[in-house]
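Hi everyone, thanks for making time this morning.

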Amino acid sequence: MPDPTGLPGPETDGPALGRGPGFSADLIASLTRVLAKWTAPEFLTAVAAREGVDLDPGAITMVTILSKDGPQRPSQLAGAMVTGASNVSKIMARLDAAGLARRVPDPSDARAQLVELTGSGRQVAAAFVRAGTGLVDELLEGWPDADRVAFLRLLGRFEQSTVALSTRIGNSKRPPTTPFTTSKEQ
């Protein structure tokens with residue numbers, strides 16, 4: 001019986017068996033599309049708006065990081081957000097003005113400050129969790145329980161493999177390779 005998703009199943013030959021360039025290309029393309037949608041500014045703000053939260057994507061990201069990881073120095077936030085200190089400062093100013101975050105002294109270094117969520121900021125973070133839960137419920141609507149469980153198990157394995165590979169790559173001290181050049185540059 002054909003898969004209702006239209007995806008090839010294990011009864012076919014070739015890339016559907018989970019190996020080969022066709023499978024890898026299809027997986028990468030699918031992951032790229034999902035990540036692009038989930039990280040698109042319009043998508044982030046629309047999902048947050050479902051819970052009555054009106055924040056820009058940078059503020060959503062900062063609140064999410066602070067909620068998950070706790071108070072941090074602005075430099076840590078910049079690293080976690082993959083942005084610069086000046087952008088973190090601008091986002092922090094908006095969150096401070098909205099009463100969602102504040103700067104507090106760093107107990108380990110009196111010269112430094114930490115950024116932390118206020119009570120209102122924690123409420124907004126909880127709204128993000130509700131929005132995310134609603135989003136996942138909506139996306140998986142109609143999926144049988146067995147498929148939901150299998151998806152979670154397999155995605156967890158994929159995440160573990162990704163983290164392990166990232167650690168190995170980060171720990172390897174390979175010499176720099178020759179930079180990639182295009183035919184126009186040669």
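This is a predicted model: local features need pLDDT of at least 70, side-chain atom pairs count only at pLDDT 80 or more; totals for chains, interfaces and linings use all residues.

The patch covers about 680 Å², and the residues that make it are Phe 23, Leu 27, Leu 31, Leu 35, Trp 143, Phe 151, Leu 155 and Phe 158. Two helices, H1 (21-39) and H7 (145-171), each supply at least two of the patch residues.

And where does Trp 143 lie? You'll find Trp 143 in the loop between H6 and H7. Its relative accessible area is 35%, so Trp 143 counts as partly exposed.

Now let's move to another loop. Thr 118 sits between strand E2 (109-117) and helix H6 (119-139). Is Thr 118 buried or exposed? Buried is under 20% relative accessible area, and Thr 118 has 9%, so Thr 118 is buried.

What does the side chain of Thr 118 reach? That would be the backbone oxygen of Gly 99, at 2.5 Å. If we set aside neighbours within four places in sequence, Thr 118 is in contact with Gly 99, and also with Leu 100, Ala 101 and Arg 102.

My last stop is Asn 87, which belongs to helix H5 (residues 85-97). Asn 87 is partly exposed, because its relative accessible area is 32%. Along the chain, Asn 87 and Gly 58 are 29 residues apart, and 8.7 Å separates their C-alpha atoms.

Note on methods
Residues are numbered from 1 along each chain as its sequence is written. Side-chain values use heavy atoms; hydrogens and water are left out. Helices (H or I, at least four residues) and strands (E, at least two) are DSSP runs, numbered from the N terminus. Buried means under 20% relative accessible area, exposed over 50%, partly exposed in between (1.4 Å probe, protein chains only). A polar contact is a pair of N or O atoms within 3.5 Å; within protein, one must be able to donate a hydrogen and the other to accept it, and residues adjacent in sequence count only if both atoms are side-chain atoms. Contact means heavy atoms within 4.5 Å. Patches are made of residues with over 30% relative accessible area and no salt bridge: like charges are joined within 9 Å, nonpolar side chains (Val, Leu, Ile, Met, Phe, Trp, Tyr) within 5 Å. Accessible areas come from the Shrake-Rupley method with a 1.4 Å probe; for residues, only the protein chains shown count as cover. A salt bridge is a side-chain nitrogen of Lys or Arg within 4 Å of a carboxyl oxygen of Asp or Glu.
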